[in-house]
Amino acid sequence: MKKKGMIIIVSAPSGAGKTSICNSLIKSDKNIVYSISTTTRQPRKGEKNGKEYFFVDNKKFKDMVKKNLFVEYAKVHNYFYGTSKKMLEETLNKGKDILLDIDVQGAIKIKKQYKDALMIFITTPTLKILKERLIKRNKDLLDVINTRVKNAKKELMYLPRYDYLVLNDKLDISIENVKSIIKAERLSIKRNKNIIGGK
Ligand code: 5GP
């Protein structure tokens with residue numbers, strides 16, 4: 001029997017460097033497929049429909065929920081985000097790993113349905129550093145930044161539900177750390193039960 005792929009969930013407060021880490025993973029590991037979510041938020045500068053997200057309006061999103069097209073969906077920062085059931089299942093059945101860049105609510109919902117999902121949490125070494133990075137990024141107003149830091153505190157309460165924690169101080173080291181986690185998980189006994197002892 002062909003080995004199924006693994007679900008890799010990566011969650012992080014905004015500003016922790018998750019996007020850079022995920023982009024690097026996708027580029028360097030051809031066995032990992034990025035799960036393209038559907039969202040009701042507007043595309044940011046440089047984002048393309050079907051690349052970072054599928055951008056839809058509220059009506060279409062609700063319709064997709066009704067049709068049961070999402071394996072999980074959640075409201076994050078006032079917009080809806082959902083993970084495609086079809087893309088997830090097809091990728092796993094091909095034996096490829098799928099990378100889900102989703103929030104803590106979505107991560108818990110996936111873990112309930114897929115007990116083997118690997119859960120990685122990325123954050124900055126301190127909340128003070130997170131705030132400094134958000135200010136430096138110069139993308140958001142100060143009250144938005146304060147809300148994000150407040151949200152980060154709430155997200156940290158979900159840490160015990162995750163398998164690994166990566167404190168992103170230096171980006172290249174964090175990328176290596178995430179790669180090491182994935183490498184070790186691929187070699188774990190629990191993910192190779194059907195192979196060991198087989199013909
Ligand atoms: P952004 O709008 O900055 O790209 O993402 C905002 C938040 O939504 C991030 O925490 C991201 O991980 C999360 N997110 C993106 N796609 C999904 C999804 O399909 N489901 C859930 N639950 N969260 C998502």
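The model is predicted: local features need pLDDT of at least 70, side-chain atom pairs count only at pLDDT 80 or more, and totals for chains, interfaces and linings use all residues. Residues are numbered from 1 along each chain as its sequence is written, and side-chain values use heavy atoms, leaving out hydrogens and water.

Let me begin with the ligand. Around the ligand there are 15 residues, of which Ser37, Arg41, Tyr53, Glu72 and Tyr81 come nearest; a residue is near if one of its heavy atoms lies within 4 Å. This shell divides into five nonpolar, four polar and six charged residues, where Tyr counts as nonpolar and Gly as polar. An oxygen atom of the ligand lies 2.7 Å from a polar side-chain atom of Ser37. For Arg41, a side-chain N or O atom is 2.6 Å from a ligand oxygen, and for Tyr81 a polar side-chain atom is 2.5 Å from one. The protein buries 90% of the 510 Å² that the ligand exposes when taken alone, with areas from the Shrake-Rupley method and a 1.4 Å probe.

I turn now to the pockets. A pocket is an open set of points on a 1 Å grid over the protein atoms alone, where a 1.4 Å probe fits, with protein on both sides within 12 Å along at least five of seven lines; lining residues have an atom within 4 Å of a point. The ligand takes up space in the largest pocket, whose volume is about 1400 Å³. Lys18, Thr19, Arg44, Tyr53 and Asp101 are the closest to its centre among 49 lining residues.

Technical notes: Polar contact = N/O pair within 3.5 Å; in protein donor to acceptor, adjacent residues only side chain to side chain. Sits in = over half its atoms within 2 Å of the grid points. Points joined across faces, edges and corners; volume = space filled by probe spheres on them.
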